[in-house]
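Please keep the view open as you read.

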Amino acid sequence: IIPVKKALGAQSGTTVLKNSIIASTHTIVGNNVVPYVHDEVVEITTLDDYVKEHELRVGLIKVDVEGAEQLFLKGAEETISTQKPDLLISIYHNADDYFHIKPMLEKMYPWYSFRIHHPAIGTVMTETMLICSVEDQ
């Protein structure tokens with residue numbers, strides 16, 4: 001494991017990371033519910049750029065980026081299309097992710113099968129994950 005101090009998103013460059021006083025809630029997409037204590041300018045890259053730069057072979061992508069999942073997925077389109085990794089995508093941060101990520105991925109990547117997993121007891125909006133796997137690789 002090599003930690004990299006960069007955000008992942010739809011395009012490479014810099015972005016503002018909103019830091020919250022609540023647990024580990026740091027995000028590049030804010031909302032009106034979470035109190036943010038300060039903003040920090042950080043480097044951001046796409047997964048596609050990072051994979052190309054480091055010549056990586058990707059078999060699994062697990063994403064929990066506090067509501068920026070759709071932005072992340074836009075920056076991972078080439079990697080997902082060419083390498084067809086299994087995907088574990090958090091879809092509980094907002095209703096838009098919960099209702100739109102699966103249909104978006106179904107349209108873009110017809111080779112995946114999907115299931116929704118709730119690893120924690122509680123509401124739908126608690127740690128809900130979309131699992132995407134390729135049948136017959």
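Contact here means heavy atoms within 4.5 Å. Axes are lines fitted to C-alpha atoms, for helices over the stretch in contact, with angles from 0 to 180 degrees between N-to-C directions. Helices (H or I, at least four residues) and strands (E, at least two) are DSSP runs, numbered from the N terminus. This is a predicted model, where local features need pLDDT of at least 70 and side-chain atom pairs 80 or more, while totals for chains, interfaces and linings use all residues. Residues are numbered from 1 along each chain as its sequence is written, and side-chain values use heavy atoms, without hydrogens or water.

Let's begin with the sheet: it is open, has four strands in the order β5-β6-β8-β7, and its pairing is mixed. Strands β5 and β7 are at the edges with a single partner strand each, so one side of each lacks a neighbour in the sheet. From one strand to the next, the twist averages 10°. Two strands pair if DSSP finds at least two bridges between them; β7 and β8 run antiparallel, joined by six bridges.

| Element | Residues |
|---|---|
| β5 | residues 60-63 |
| β6 | residues 86-90 |
| β7 | residues 112-117 |
| β8 | residues 129-134 |

Helix α4 (residues 95-108) lies across β6, β7 and β8, at about 15° to β8.

Now to Ser-90, in strand β6. Leaving aside residues up to four places away in sequence, Ser-90 touches Val-63, Asp-64, Glu-69, Ile-101, Thr-128 and Met-129.
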